[in-house]
Amino acid sequence: MSVEHTAESAAARTPSQAPSQARVVVIGGGIVGVSALYHLAKAGWSDAILLEKNELTAGSTWHAAGNVPNFSVSSSIMNIQRYGAALYRELAADPEYPINYHVTGSIRLAHSVERMREFEHVRSLAAGQGLTFEMMSPADVKAAYPFIETHDLEGALWDPLDGDIDPAQPTQALAARARALGATVLRHQPATGLRREGDDWVVETAAGSIRCEVIVNAAGYYARQVGAWLAPYGGRIPPMVTLQHQYLLTEEIPALEAWSAEQGRKLPLLRDVDSSYYLRQEKHGLNLGPYERGGETAWTDLASGAPEDFSFQLFPDNLERIEWYIEDAMARMPLLGEAGVSRVINGPIPYAPDGNPLIGPVPGVRNAFEACGFTFGIAQGGGAGKALAEWVTEGETEWDLWSCDPRRFLDHADQAFCDATGAQVYRHEYAMHFPMHAWPAGRPARQGPNDEAVRAAGGVMEAYGGWERALWFAGAGDDASEAATQCWDREGPWLKRIRAEAEAVRDGAGLLDLPGFSRFTLEGPGAAAWLLGRSVSGLPKIGRVSLAYFADTRGRLLTEMSVLRRGEDAFTLITAAAARRHDFDLLAAALPASGSLSLRDETDRLTTLVVTGPEARALLAPLAEADLALPWLSHQSAIVAGRRAMLARVSFAGELGWEVHCAMEDAPAIYAALRAAGAAPFGMAALDSLRIEKGYRSWKGDLSSDFTVLECGLDRFVQLGKEQDFPGKAAMAAEAERGPAQRFVALLLEDTPRDAPYMAPIFAGAERVGFVTSCAYGWRVGGVVALGMARTGVAPPGTRLEVEIFGERIGAVAQPDGPLWDPSNARLRA
């Protein structure tokens, strides 16, 4: 395949004179870069240039298998793939540039009941996006795919719109559309460097410099090298690793040819996700693509990186690595054993640490964006281009895409972390993501000062923004193994422990170690007025604490911060661990050019302990030199266990309590003193149960840019009457006048052994009216509590509804607006 490309004339490879200026330059000519260029031009940014060092598709695109699934367990990834599949169907029907797109449908096999439950949830997730997936019995599978063995299957999932496409064709079609809209594609024009001049970027090429406003890094497995050019300007190397992915093509199979001739179609695309491979008809042969248990990385050393021009090239074959998968596939489909191997493709594919791509702003760098790290570039390329263009042209995206935001990875995601986690994702490409399961690779990455003590107490750890925290505390004889977590059920070794932890907080005093809270100091003349102009909310008085919400221009919720006011123009802002880069950028990008305000990141200097429960005051009193009678939502400087600290009288658990903020080096002494005084350790799972009972929202769960601030039921925090024209003010005023389309709702569910997963649908009779955003058993209220969104007017208190949990309808009753536990907040104010 490489011969036809290397046979081009030398003249065709000679760089032509590059334009000297553009509004945006996209680096990389694979499906993602070309899609970004097309969508930028479609949005009106036709003064855009794409630079490709070889021919379009020369990187991972050319050797991609070209499967185009809608399936994903993530609603945001499904949105991207659903949009891309629809775009490709449109391209295929376009007489101007017709392409071959085989919409064969696909069958995903399930070997277990747990897998069938996953499929049931994805089916309901797809229905919410207008897609029709169907559950299949083994008999259904046999009828649709007669060559398969089904004796050991539980069933399968059918996606009628799945299929495959020649990767080069949609790439060229989108390039043609981009050119028609006025964008420029420069082949054989490698970017060789990048520098900043004033507010502009200057891209160096072999044919000259291009000055532009915006840079897009869509360089595929060269994205790390391009990212290194941005590093001197506040950026970082994109967190990703390149892995080797093999698939093989068989010789033609007469029986398959005869079946296709009789049926007039190809076999559906088959995925045996529990064995970890796909099997697809390719002409009259088969394409077998496994995701191996090994996970072979490539080019991990940035100093050397990918070869200068690894275009239309492959790694050497290594069939021994995939021998097990070949044998398993032949047992599943004996027809496969009737043909020899005609070709093996072993090519490079980028992986981010969680397997999702990087689409959005480069953290810390203005007017620089990433569209790289694509494991499934063909399936996601169409939607990625749309999202990238929205980021560039509007500064916000139609769908909440935190799952793909480059800022989700913090400084712990170095190359060693990426190598380990990327290979882990590859080995478990089709893995089920169970609620109590924690992936082990790359951990621990960040450990708080009390990590050793927490583990010694039985802490079973999970990573939050890279920081290790206890999920629950195991007791003697508890099975805390990874294998024990391979289920959707609430019941497990953890359940009685989580209950005991929640009850300790309810009845006594609990202690939660919370390293990694993102915290920023904002100071300077006019800081208060500036903050009022950024947030939809008001500000607390000096010595007080409040919540502030930040919106985009549509009034959709971007983030939540705790605001601690230390002086007239002096604030500490505290936010989620994972939100560190996202929220710092949100603030830093809007700072006045005068430099009058100072914004500092204090996250690595300080840590937090939470002491909460009705006995918290009595437990703290002998240890703290502080006024523990100060009211709820106050803060003060204090001495705790002989160490300086700041006490904030707040509790996400919804009980009397304090957050103890202190220097990292002082935390062990304070933690030890609190434990010795009788505080019972509790973990994040118990905290989740406690906060859901109070109706407290979690960021990027209950709170996301898929919802407006008013839809989230945060009206009491919104100050439309203040003089400052904060982002989203006009949109929120209009929404307040007409009323939100949907509203936050709390539900009490009938007893069920499994919590409702994110986006589980809510039904009123046969009508789908909303979805769940959080769910847990509430040990204080004695029932399953779900938080979610429902269409306005359908869920007044007392309304009987249903929630679909893994395909089963569970009865639910809508609750009054407010906390289910301690609705008057009397315990908080005690």
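Mentor: What follows is a close look at one helix and the loop after it.

This is a predicted model, in which local features need pLDDT of at least 70, side-chain atom pairs count only at pLDDT 80 or more, and totals for chains, interfaces and linings use all residues. Residues are numbered from 1 along each chain as its sequence is written, and side-chain values use heavy atoms, with hydrogens and water left out.

Helix α11 covers residues 377–394 and bends by about 35° at G383, the bend being the angle between axes fitted to the seven residues ending there and the seven starting there. Helices (H or I, at least four residues) are DSSP runs, numbered from the N terminus. Of the 18 residues in α11, 16 are buried, where buried means under 20% relative accessible area, exposed over 50% and partly exposed in between, with a 1.4 Å probe and protein chains only. Just after α11, G395 takes a positive phi of about 75°.

In the loop between α11 and α12 (415–427) lies D400, which forms a salt bridge with K700, their closest N and O atoms being 2.6 Å apart; a salt bridge is a side-chain nitrogen of Lys or Arg within 4 Å of a carboxyl oxygen of Asp or Glu. Because K700 lies in the loop between α19 (684–693) and α20 (729–738), the pair ties together parts that are 300 residues apart in sequence. D400 counts as buried, at 10% relative accessibility.

D411 forms a salt bridge with R581, with the closest N and O atoms 2.6 Å apart. D411 lies in the loop between α11 and α12 and R581 in helix α16 (residues 580–588), so this pair ties together parts 170 residues apart in sequence. D411 counts as exposed at 55% relative accessibility, whereas R581 is buried at 18%.

Note on methods:
Helices (H or I, at least four residues) and strands (E, at least two) are DSSP runs, numbered from the N terminus.
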